[in-house]
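Okay, thanks for making time, everyone.

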Amino acid sequence: MPGPELKAPIGIFGGTFAPIHNGHLRLAIELREQLGLERVLVLPAGSPPHRAAPSVPTARRVEWTRLAVCSEPGLEIDTRETARGGPSYSYDSVAALRRELGADRPLCLLLGDDAANQFHTWHRWREMLDLAHLIFVERPYEPPSPSPDLVALLRGRRVSDAKALAQAAHGCWMACSIPPLAISSTRIRRLLAAGRSIRGLVPDAVADSLSVADIDALSRDEDPAYD
Ligand code: ATP
């Protein structure tokens, strides 16, 4: 599709967010700026098909995501996956966004390298490029190791700048780097399980909102001995 009549690109960033942390937030902010995204939609996953459901209630993950993004212009929470119930497939969300936002809107699915390494196991992953661009983002301690099938699918579709991305509504991929932040939700849960502080790793609004029940639920999924 030729460039000039396309609308400004929009980012789509999904995750379990148990809890959302500053690594997530910086990824969304840095990519919005690097790629000139009009906004980034942040989608907490419903019940993830690839992993055990977190012990913490979905409503709390949604609330933390809301608290984390609400004061950052250009970031927006999108609750369609948690509202839908049942297994949460990114393909369904991206397909719904494509229908809502129109064919003339570049959509960029933002994926950290660990998610990219598992991408070939996702529901209808091969068709994702018919809906969106794929943006792979470096993540500390997660070297990229795309499956051979993904490498084959991506062949000939690489672009190297934001301008090229904005000239097609879907079908390209790009690798991006951001200043590394070695934060994971797993480490945060382990710190909580060990009774330690998580200040500085998550937005203050999220840290301040944690109840005893939240800390219990997050800790339940981790063994503090592993920190
Ligand atoms: P967990 O430790 O529970 O697996 P997580 O920290 O990996 O959680 P997710 O909610 O699984 O967080 O991740 C959502 C998305 O954010 C994924 O694409 C993941 O690669 C990316 N991501 C998470 N943390 C970082 C980080 N520190 N830097 C870059 N990308 C990140």
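**Contacts, rings and a helix crossing**

So, let's start with a side-chain pair: arginine 80 and aspartate 78 are joined by a polar contact of 3.0 Å. By polar contact I mean N or O atoms within 3.5 Å, where, within protein, one must be able to donate a hydrogen and the other to accept it, and sequence-adjacent residues count only if both atoms are side-chain atoms.

Before I go on, this is a predicted model, numbered from 1 along each chain as its sequence is written. Local features need pLDDT of at least 70, side-chain atom pairs count only at pLDDT 80 or more, totals for chains, interfaces and linings use all residues, and side-chain values use heavy atoms, with hydrogens and water left out.

Back to arginine 80, which sits in helix 3, residues 80-84. Helices here are DSSP runs of H or I with at least four residues, strands are E runs of at least two, and both are numbered from the N terminus. Not counting residues up to four places away in sequence, arginine 80 touches Leu43, Ser93, Ala96, Leu97 and Glu100, with contact meaning heavy atoms within 4.5 Å.

Next, the rings. The whole structure has four aromatic pairs; rings of Phe, Tyr and Trp (its six-membered ring) pair if their centres lie within 6.5 Å, with planes under 30 degrees apart called stacked, over 60 edge-to-face, and the rest tilted. One of them is phenylalanine 119 with tryptophan 122, a tilted pair at 5.0 Å centre to centre and 55 degrees between the planes. Ring pairs link Phe119, Trp122 and Trp125 into a cluster.

Are phenylalanine 119 and tryptophan 122 buried or exposed? Phenylalanine 119 is at 0% relative accessibility, so it counts as buried, and tryptophan 122, at 16%, counts as buried too. The cut-offs are under 20% relative accessible area for buried, over 50% for exposed, and partly exposed in between, using a 1.4 Å probe and protein chains only.

Last stop: helix 8 (residues 185-193) and helix 10 (residues 212-220), whose axes come within 8 Å and cross at roughly 115 degrees. Axes are lines fitted to C-alpha atoms, for helices over the stretch in contact, and angles run from 0 to 180 degrees between N-to-C directions. Arg189, Leu192 and Ala193 in helix 8 meet Ile215, Leu218 and Ser219 in helix 10. In helix 10, Asp214, Ala217, Leu218 and Ser219 are buried, and the buried residues of helix 10 pack against helix 2 (58-69), helix 8 and helix 9 (204-209).
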